[in-house]
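Let's take a walk through a protein chain together, starting with the whole and then moving to its parts. Have a look at the sequence and the structure before reading on.

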Amino acid sequence: MASNRVKSGVNVGEKRVLSKIDMKTKKEIIEKHRCGMRVTDLAKEYNKPKSTISTILKQKAAIKAANVARRVAMLTKQRPQVLEEMEKLLLVWLNEKQLAGYTVSEAVIREKARTIHGNLCQKYPSSSGESHEFKASREWFERFCKKNGTHNIVRHGEAASSDTAAAAAEAFAKDFAKFVEAEGYVPQQVFNCDQTGLFWKKMPKRTYITQEEMAMPGHKPMKDRLTLLLCANASGDLKIKPLVVYQYENPRAFKQHNVNKARLPVMWRANTK
């Protein structure tokens with residue numbers, strides 16, 4: 001069996017390992033080229049492609065001006081101090097909104113970032129003008145979220161303000177208990193009534209699919225809604241017949257199956273608004 005062909009001392013089947021050139025070597029290449037050494041000769045001496053040598057020579061102004069530690073191979077753009085300060089203030093603002101129970105979207109956060117950045121630029125003006133180019137792009141927002149662990153969640157109705165609502169409910173329960181005791185009411189005389197919504201056609205947002213499938217067709221969520229009014233006394237021995245409010249007085253299903261609304265276990269009402 002024929003052996004693998006060899007080129008430049010490396011087998012064809014082997015994976016080529018790329019090594020980075022440190023800044024000291026790059027400066028040596030630039031200096032030798034300034035003294036008259038050709039790109040071809042530099043490539044042979046440092047065992048690098050001519051394109052790599054040409055790229056180093058194109059960046060000679062930045063490389064010569066760089067003052068870096070030993071063995072540093074790459075130049076990176078330093079983030080402006082005003083940008084770091086803006087992100088710190090933005091994170092503080094975001095925590096305040098979270099504690100207050102407010103909902104903030106991506107657009108709101110990006111607009112707030114631009115406002116904070118503009119205020120900082122006015123407070124700490126820069127002669128370079130670089131700090132005024134901040135646009136709060138989508139890429140910046142994704143990096144900001146990844147850096148600070150900010151993530152998006154779904155808020156579910158009244159549960160979103162659970163902390164505030166729980167404190168208010170606890171205070172009301174104490175006051176109401178004092179009122180019931182003072183007036184001499186018994187549990188059978190105390191009723192609680194509340195309404196809720198039922199999206200009876202809405203499908204779950206998440207589902208399971210097989211390993212072979214990468215995705216599944218989407219569907220338009222159904223938003224048909226019933227409004228329920230439920231009422232019962234504190235002792236639990238008397239439950240008032242629930243009230244149901246729907247969009248139609250006589251839905252198609254009622255007509256097809258000859259439903260007598262008077263015999264339903266609920267009080268049926270209609271509201272087209």
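What percentage of the 273 residues in the chain is buried? Buried residues make up 17%, where buried means under 20% relative accessible area, exposed means over 50%, and partly exposed is in between (1.4 Å probe, protein chains only).

A quick word on where the values come from. This is a predicted model, in which local features need pLDDT of at least 70 and side-chain atom pairs count only at pLDDT 80 or more, while totals for chains, interfaces and linings use all residues. Residues are numbered from 1 along each chain as its sequence is written, and side-chain values use heavy atoms, with hydrogens and water left out.

**The chain as a whole**

The chain has nine helices and six strands; helices (H or I, at least four residues) and strands (E, at least two) are DSSP runs numbered from the N terminus. Take the contacts between residues at least 6 apart in sequence: 58% of them join residues at least 24 apart. Contact here means heavy atoms within 4.5 Å.

**The sheet**

Now find the open sheet of four strands, ordered β3-β4-β5-β6 with mixed pairing.

Two strands pair if DSSP finds at least two bridges between them, and here are the pairs:

| Strands | Sense | Bridges |
|---|---|---|
| β3 (residues 191-198) and β4 (residues 226-233) | antiparallel | eight bridges |
| β4 and β5 (residues 239-246) | antiparallel | five bridges |
| β5 and β6 | parallel | four bridges |

You can pick out some partners by eye. Thr196 sits opposite Leu228 in β4, Cys231 has Ile240 in β5 as its bridge partner, and Val244 faces Trp268 in β6. The hairpin of β4 and β5 has five residues between the strands, and Gly236 there takes a positive phi near 80 degrees.

**Two packed helices**

Next, look at helix α6 (residues 106-123) and helix α7 (residues 138-148), which pack at an angle of about 95 degrees with their axes 11 Å apart. That makes α6 and α7 roughly perpendicular to each other (65 to 115 degrees; under 35 counts as roughly parallel, over 145 as roughly antiparallel and the rest as oblique). Glu106, Ile109, Arg110 and Ala113 in α6 meet Arg138, Trp140 and Phe141 in α7.

Ile29 lies in helix α1 (residues 23-34), and its 0% relative accessibility is why Ile29 counts as buried. Beyond its neighbours within four places in sequence, Ile29 is in contact with Leu42, Tyr46, Ile53, Ile56 and Leu57. Leu42 is 13 residues from Ile29 in sequence, and their C-alpha atoms are 7.1 Å apart.

Most residues other than glycine have a negative phi. Asn47, though, has a positive phi near 55 degrees. Asn47 is in the loop between α2 (39-46) and α3 (50-58), and counts as exposed at 65% relative accessibility. Asn258, in the loop between α9 (252-256) and β6, has a positive phi near 50 degrees and is exposed, with a relative accessible area of 69%.

How values were computed:
Axes fitted to C-alpha atoms, helices over the stretch in contact; angles between N-to-C directions.
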